[in-house]
Amino acid sequence: MIKSSHRYAALAALLLAASAPLFAQDLTITNARIIVSNGTVIEHGSIVVRGGKIASVAEGKPASPAGKVIDAKGMSAMPGFIDAHKHVNPGPDEKGQMESILEAGYTTVLAGGGPADSNLTLRDHIESGMINGPRVIPSGQVPIRNTTPDAARAAVRDLVAKGIKHTGEIVLTPEPGPPPEEIGVLKAIVDEAAKDGVQVNVHAVSTPALIAGVDAGVRRFVHLPNKDWTGYDAAAKIAQTNTIVLGLMAFGAPTIDRESAPPAPVTFPRDDSPRFRDGKPWPEAIVGANRDEKGRAMGTEAGYTIVNARRIWDASGGKALGFCTDQNFADVVVLEHELKSYSIMFSMQDIFRIIGPNTAAYLNMSDQIGTLEPGKLADIILLDGNPLEGIQNMLKTKVVIKGGKVVVDKR
């Protein structure tokens, strides 16, 4: 039986969801370059928003404008960015962190881990208007080690009782691969989750771990393999099972001469030194670093992720790669760090697809977000300049619209 406190929490969430359109604005965006993110680009177009959803996207002037008019001359409209794995938490820094995420252009974030109740609290703070932030999708922890299949099933049922539809990242042993008892627990989690539509999100940073997860029934992975090369056969299995792997392509790439800004927990000195994403010297500080026979960190993570991303992309016809950042320093800096790695292997149109419709598909929200099409939520960002010219113009968000409401305006 569902506890009364859980029933009240679920009811509150439903009431919040129902009231969301009340905060939406009717809007008309004119004179915009529109990156639809399905391969279509409208050089001079308009977008009409009614009741928090996109009513029309068209070339030229709108046939039937609505509400406030935003002249986007010199700017490009794109779907709000989606980050499908990021660690976000309520607390004294939540206001600054959420504003940083929004101002970078993100309108939807899947909480990557942490306690379920904390993720629910953060979501509710945003949905109630207490703080300004992206749409946060809560997750909850489900243990896989030092536990039993029955206990893992119970943890999934607890998420269901709280109204949560995502597990936090479930970490599989990368080398030499997950042991049988770990896989046994994972299969129980996958089976139990399927009964109530809970998505299982797995952290597998080696190809053996990733393929073991696929064989256990997992279809969503939060990181590319960074321990080894993903071969053609493994990439084909990923594609054939409709699995999606989030990039985190820049995990092993150094950050150099970029100062993060408050409320970031670290500031990187401008001393021309390569640093890991925690600000410590690269590559030694890489978590679980790949090492040579003398124990020296190699930094090969950067190479593995970039090549593996392309191999998985090619095998799947561009469907199996989504976007996440994981990191928690200044979000525009984090976005730039990721996009630099993507730009080595992918065109701008590919990048739009990865951060938009592919990541929406990862979240099973393709019918709501990811492209600028009629009927979808009005999650729209206006960028200064033309992002088709390069990633630098994806770092220039001027206006953020979430569900039809202007939540950032830096014009």
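Reply: In this predicted model, the strands β6, β7 and β8 form an open sheet, in the order β6-β7-β8, and their pairing is parallel. Strands β6 (81-86) and β8 (135-137) stand at the edges, and because each has a single partner strand, one side of each is left without a neighbour in the sheet. On average, neighbouring strands of this sheet are turned by 15° against each other, when direction is ignored. Strands of a sheet pair through backbone hydrogen bonds, and this can happen in a parallel or an antiparallel way. Looking at one of these pairings in detail, strand β7, which covers residues 106-111, is joined to β8 in the parallel sense over three bridges, and in β8 the residue that stands opposite T108 is R135.

Strand β5 (residues 75-79) pairs with β14 in the antiparallel sense over five bridges, and here S76 has L383 of β14 as its bridge partner. Strand β15 (residues 397-402) also pairs with β14 in the antiparallel sense, over four bridges, with V399 of β15 standing opposite L382.

Turning to the helices, two packed helices are described by the angle between their axes and by the distance between those axes. Helix α8 (residues 301-316) packs against helix α9 (residues 331-345) at an angle of about 55°, and their axes are 10 Å apart. Angles that are not roughly parallel, roughly antiparallel or roughly perpendicular count as oblique, and α8 and α9 are therefore oblique to each other. The crossing in which α8 passes α9 is right-handed. On the side of α8 the contact is made by I306, V307 and R310, while α9 brings S341, I344 and M345. Sorted by class, the contact of α8 with α9 has four nonpolar residues, one polar residue and one charged residue.

Another helix to examine is α6 (residues 207-215), where seven of the nine residues are buried, so that α6 is largely enclosed by the rest of the structure. The buried residues of α6 are T207, A209, L210, I211, A212, G213 and V214. These buried residues pack against α5 (180-195), β11 (220-221), α7 (232-240) and β12 (244-246).

Finally, some details of the backbone deserve a careful look. A cis peptide bond, with omega about 0°, joins E175 and P176, and P176 has its place in the loop between β9 (170-171) and α5. A cis peptide bond also joins W282 and P283, again with omega about 0°, and P283 is found in the loop between β12 and α8. The loop between β12 and α8 also holds L248, whose phi is near 45°, a positive value in a residue other than glycine. With a relative accessible area of 3%, L248 is buried. N31 has a positive phi too, of about 60°, although N31 is not a glycine. N31 lies in strand β1 (residues 27-35), and its relative accessible area of 43% makes N31 partly exposed.

Key:
Residues numbered from 1 in each chain as written. Predicted model: local features only at pLDDT ≥ 70, side-chain atom pairs only at ≥ 80, totals over all residues. Heavy atoms only, no water. Pairing = 2+ DSSP bridges. Helix = DSSP H or I, 4+ residues; strand = E, 2+ residues; numbered from the N terminus. Axes fitted to C-alpha atoms, helices over the stretch in contact; angles between N-to-C directions. Parallel < 35°, antiparallel > 145°, perpendicular 65-115°, else oblique. Left-handed = near helix turned anticlockwise from the far one by under 90°. Contact = heavy atoms within 4.5 Å. Nonpolar A, V, L, I, M, F, W, Y, C, P; charged D, E, K, R; others polar. Buried < 20%, exposed > 50% of the residue type's maximum accessible area, 1.4 Å probe, protein only.
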